[in-house]
Amino acid sequence: MLEQYIPFIGLIIFGNIENLVLSSQGVVAGVNPRILGGLSIIIVILWLIIGTVFTNMLMPYANFIEFIGGLAIFILGLESM
């Protein structure tokens, strides 16, 4: 069952790291931690649902999706610095 997620392992790891970076930026900026935590949990659950529903359908595009996702994570990482 987990074999279908292997092509996306890089996005899973680096996406979670980027989520931590963006959350820490929100805390430094003075955002209410409860609101930030709640929104983070909602977004993670939403991405989990989207990922599990559409993984089988979009498997032929795994390389393209991983490239776009990796590029977005890289750009957000540069922006956070």
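Reader: In which helix is E18 found?

Author: E18 is found in helix α1. Helices (H or I, at least four residues) and strands (E, at least two) are DSSP runs, numbered from the N terminus. A word on the source: residues are numbered from 1 along each chain as its sequence is written, and side-chain values use heavy atoms, without hydrogens and water. The model is predicted, with local features needing pLDDT of at least 70 and side-chain atom pairs pLDDT 80 or more, while totals for chains, interfaces and linings use all residues.

Reader: Why is E18 called buried?

Author: Buried means under 20% relative accessible area, exposed over 50%, and partly exposed in between (1.4 Å probe, protein chains only). E18 has 8%, so E18 is buried.

Reader: Which residues does E18 contact beyond its sequence neighbours?

Author: Contact means heavy atoms within 4.5 Å. Leaving aside neighbours within four places, E18 contacts I73, L76 and G77. S80 is 62 residues from E18 in sequence, but 9.2 Å away in space, C-alpha to C-alpha.

Reader: Why does I75 count as partly exposed?

Author: I75 has 46% relative accessibility, so I75 falls in the partly exposed class. I75 sits in helix α3. Y61 is 14 residues from I75 in sequence and 21 Å from I75 in space, C-alpha to C-alpha.

Reader: And what makes V53 exposed or buried?

Author: V53 has 53% relative accessibility, so V53 counts as exposed. V53 belongs to helix α2. P7 lies 46 residues from V53 in sequence and 16 Å from V53 in space, C-alpha to C-alpha.

Reader: What is the span of α1 against the expected one?

Author: Helix α1 has 20 residues, and its first and last C-alpha atoms are 29 Å apart, close to the 28 Å expected. After α1 comes G30, with a positive phi near 95 degrees.

Reader: Which side chain reaches the backbone at the start of α2?

Author: That is N32, with a side-chain oxygen within 3.1 Å of the backbone nitrogen of R34.

Reader: What does Y5 touch?

Author: Y5 touches I12, G51, T52 and T55, not counting residues up to four places away in sequence. Y5 itself is in the segment before α1. Y5 and I75 are 70 residues apart in sequence and 23 Å apart in space, C-alpha to C-alpha.

Reader: What makes a space a pocket?

Author: On a 1 Å grid over the protein atoms alone, a cavity is a set of points where a 1.4 Å probe fits but cannot get out; a pocket is an open set with protein on both sides within 12 Å along at least five of seven lines, and lining residues have an atom within 4 Å of a point. The largest pocket holds about 1,100 Å³. Of its 29 lining residues, L11, I12, G15, W47 and L48 are closest to the centre.

Reader: Which helices supply the lining, and which supplies the largest share?

Author: α1 (9-28), α2 and α3 (62-80) each supply at least two residues. The largest share, 12 residues, comes from α2.

Reader: How is the lining divided by class?

Author: Ala, Val, Leu, Ile, Met, Phe, Trp, Tyr, Cys and Pro count as nonpolar, Asp, Glu, Lys and Arg as charged, and the others, Gly among them, as polar. The lining has 19 nonpolar, 9 polar and 1 charged residues.

Reader: What is the overall picture of the protein?

Author: The protein has 3 helices and 0 strands, in the pattern α-α-α along the sequence. Its C-alpha trace spans about 40 × 25 × 15 Å along the principal axes. Of its 81 residues, 16% are buried. Among contacts with a separation of 6 or more, 80% join residues 24 or more positions apart.

How values were computed
Polar contact = N/O pair within 3.5 Å; in protein donor to acceptor, adjacent residues only side chain to side chain. Points joined across faces, edges and corners; volume = space filled by probe spheres on them. Expected span 1.5 Å × (residues − 1).
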